[in-house]
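Thank you all for coming; I would like to walk you slowly through one structure today.

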Amino acid sequence: MDGIVLLKEDHKTVEKLFKRFEKAGESAHAEKREIADQVIAELTTHTWIEEKIFYPAAREAAPDTKDHVLESVEEHHVVLWMLSELKGLDPADERFDAKMSVLMENVRHHVEEEEKEWFPDVRKAMGRNRLNELGEEMEAARKTAPDEPLAVPSAGQ
């Protein structure tokens, strides 16, 4: 699978989870916990494969996108810390919904920038064959991705 397509599929998966969270009732604590745990797992794996495989390859293929990569890594840093906080937060805590809301805003902003401003340049610079190779690498790397958000490199930067 094309690496950009793979990342966009991840984006869609997380957006569906966000919409489920938004539709859950105010007191649906068990459902919100389950959704948050899925979001944590999805975004931890996603940021891992982006940072370990996609970003370095994109930066090499399209050096003029360096600033976008650096900004994305900083956005990951914020998201990963929020994920780590959500991981241990009781869904009945008054801050839980607020933290999820801020997380969703951050992730949606990040996704929009990637998909509209950056991915088209990377696609042009890399070409189909390289993107297919990257997609295979990223799919394989999912198996070795950590399940702890703070284990992703940008969390510690």
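Is Trp118 buried or exposed? Before I answer, please keep in mind that this is a predicted model. Trp118 has a relative accessible area of 1%, and because buried means under 20%, Trp118 counts as buried. Phe119 has a relative accessibility of 2%, so Phe119 is buried by that cut-off.

Let me stay with these residues and turn to their rings. A pair of aromatic rings is described by the distance of the centres and the angle of the planes. Searching the whole structure gives six aromatic pairs, and one of them is formed by Trp118 and Phe119, whose centres are 5.9 Å apart and whose planes make an angle of 35°, a tilted arrangement. Trp118 and Phe119 also belong to one aromatic cluster, together with Phe54 and Tyr55.

Another ring to look at is that of Phe21, where the charged end of Lys32 sits over the ring, 5.3 Å from its centre.

Now to the helices. Asp10 lies in helix H1, which covers residues 3–23, and with a relative accessibility of 6% Asp10 is buried. What does Asp10 touch, if we set aside its neighbours within four places in sequence? Asp10 is in contact with His46, Ile49 and Arg142.

Finally, Lys66 is part of helix H3, residues 66–87, and here the relative accessible area is 37%, so that Lys66 is partly exposed. Between Lys66 and Pro56, which are ten residues apart in sequence, the C-alpha to C-alpha distance is 9.6 Å.

Technical notes: Residues numbered from 1 in each chain as written. Predicted model: local features only at pLDDT ≥ 70, side-chain atom pairs only at ≥ 80, totals over all residues. Heavy atoms only, no water. Helix = DSSP H or I, 4+ residues; strand = E, 2+ residues; numbered from the N terminus. Buried < 20%, exposed > 50% of the residue type's maximum accessible area, 1.4 Å probe, protein only. Contact = heavy atoms within 4.5 Å. Phe/Tyr/Trp six-rings, centres within 6.5 Å; stacked < 30°, edge-to-face > 60°. Lys NZ or Arg CZ within 6 Å of the ring centre and 35° of its normal.
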